[in-house]
Amino acid sequence: MKNHLLVRKFQLMSEAVIREYKPLIGQSILELESFAKAMGEKPFRGRQLFDWIYRQQVDDFSAMTDLSKPLRENLVGVLIHPLKMINSDVSPSKQTRKILFELSDGYLLESVLMKEGKRITVCLSTQVGCAVDCDFCATAKMGFIKNLTAGEIVDQFLQLQKMSEQKITNVVFMGMGEPFLNYKNSIAAADLLHHAKGINMAAWRITISTAGVVPKIRQFTEEKQPYKLAVSLNGTTQDQRLKTMPITQTHTFSNLIKASKDYAYNSRNRITFEYVLMDGINDEPQDAERLLRLLGSIECKLNVIPYNEIGGEYRRPSDEKIEAFMAPLKRASFPVTVRWSKGQDIDAGCGQLATNSTSQ
Ligand code: SAH
């Protein structure tokens with residue numbers, strides 16, 4: 001009995017320690033104010049921490065010179081970063097870098113930093129693994145493991161910014177996972193990236209990409225979220241899309257188009273449709289004709305992504321087939337781009353992100 005009580009006491013103590021050590025990145029101004037109070041400080045200390053962490057992007061308490069010395073000493077041992085960087089791969093062209101991070105429980109996730117002229121884009125993960133199960137995607141093969149917290153999403157940005165010589169100009173939520181199946185944390189992360197007193201990234205420079213979770217597209221529209229929306233269309237009919245994206249069973253092609261239209265109509269931002277081009281699956285000129293009809297009345301942009309092979313059955317169409325597919329799209333009333341996806345040489349292209357879950 002005595003032993004049992006001792007064990008319980010120890011458990012309570014370690015819980016207290018864990019609570020004290022909740023990493024600071026991911027916390028809002030209000031949360032940091034409460035944190036300051038819990039440390040016996042005035043709330044404005046929390047606002048100072050917010051400024052250091054997100055605006056000045058300093059992650060060393062001893063450099064936070066306007067905090068009192070006793071406070072800086074008290075903060076020793078408090079974690080700032082929820083993620084630990086464990087590997088970084090640079091592509092031979094030096095234009096793309098893929099980073100592997102570890103969560104506190106040992107799970108792994110990947111993020112990508114891409115350079116294109118003056119544009120520096122980071123591709124952030126929102127989940128470890130993914131439940132959506134698109135047949136062509138490497139992340140899907142892992143199954144769903146867990147949602148990332150807002151802090152784990154924002155920390156990818158802050159650590160990539162530290163590594164980058166230039167300022168990051170754009171953020172895309174297109175790494176591992178489905179942001180709209182982790183809606184609350186994804187939006188909280190976007191809010192932290194956008195916060196005027198913190199990172200202060202313009203809302204139109206932040207794009208959230210979904211495989212088509214229709215009720216969440218509707219919620220995103222109703223809430224008038226200022227961030228840009230991208231929808232991974234990847235097909236031009238119900239049956240065709242269903243073959244590679246089982247989510248089309250629950251959220252049908254026509255409902256997805258309707259929800260996308262409503263978003264485009266109600267938002268100031270153009271919607272982006274992504275279209276992963278797969279050999280023999282969705283790459284006929286007829287598909288391009290159907291896209292012209294489907295998207296012609298929507299304020300949108302179409303981004304064609306030739307498939308990045310992941311060792312499975314899907315293939316990237318030949319350059320001739322890609323050109324034949326693009327030809328009808330020259331008549332489009334909306335902008336069309338082809339994304340010659342970056343980082344394939346280090347498996348950092350779209351849909352190539354996968355980890356074997358944990359570092360153990
Ligand atoms: N779950 C979200 C975000 C992650 S996927 C979504 O589906 O939008 C990001 C983009 O990569 C999506 O447009 C997806 O269709 C595309 N993609 C997935 N696997 C790919 C691959 N192997 N090659 C090229 N693009 C791929």
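In this predicted model, two helices meet through a defined set of residues: Ala150, Ile153, Val154 and Phe157 of H5 are in contact with Asn185, Ser186, Ala188, Ala189, Leu192 and Leu193 of H6. Sorted by class, the contact of H5 with H6 comprises eight nonpolar residues, two polar residues and no charged residues.

The geometry of this pair may be considered next. Two packed helices are described by the angle between their axes and the distance between the axes. For H5 and helix H6, which spans residues 183-194, the packing angle is about 40° and the axes lie 8 Å apart. Because angles under 35 degrees count as roughly parallel and those from 65 to 115 as roughly perpendicular, H5 is oblique to H6. The crossing of H5 and H6 is right-handed.

Attention now turns to the sheet. Ten strands form an open sheet with mixed pairing, in the order S1-S2-S3-S4-S7-S8-S9-S10-S11-S12. At its edges are strand S1 (84-90) and strand S12 (336-338), each of which pairs on one side only. From one strand to the next, the twist averages 20°.

Strand S3, residues 108-116, and strand S4, residues 119-123, pair in the antiparallel sense over five bridges. In S4, Arg119 is the bridge partner of Glu116.

Conventions
Residues numbered from 1 in each chain as written. Predicted model: local features only at pLDDT ≥ 70, side-chain atom pairs only at ≥ 80, totals over all residues. Heavy atoms only, no water. Pairing = 2+ DSSP bridges. Helix = DSSP H or I, 4+ residues; strand = E, 2+ residues; numbered from the N terminus. Axes fitted to C-alpha atoms, helices over the stretch in contact; angles between N-to-C directions. Parallel < 35°, antiparallel > 145°, perpendicular 65-115°, else oblique. Left-handed = near helix turned anticlockwise from the far one by under 90°. Contact = heavy atoms within 4.5 Å. Nonpolar A, V, L, I, M, F, W, Y, C, P; charged D, E, K, R; others polar.
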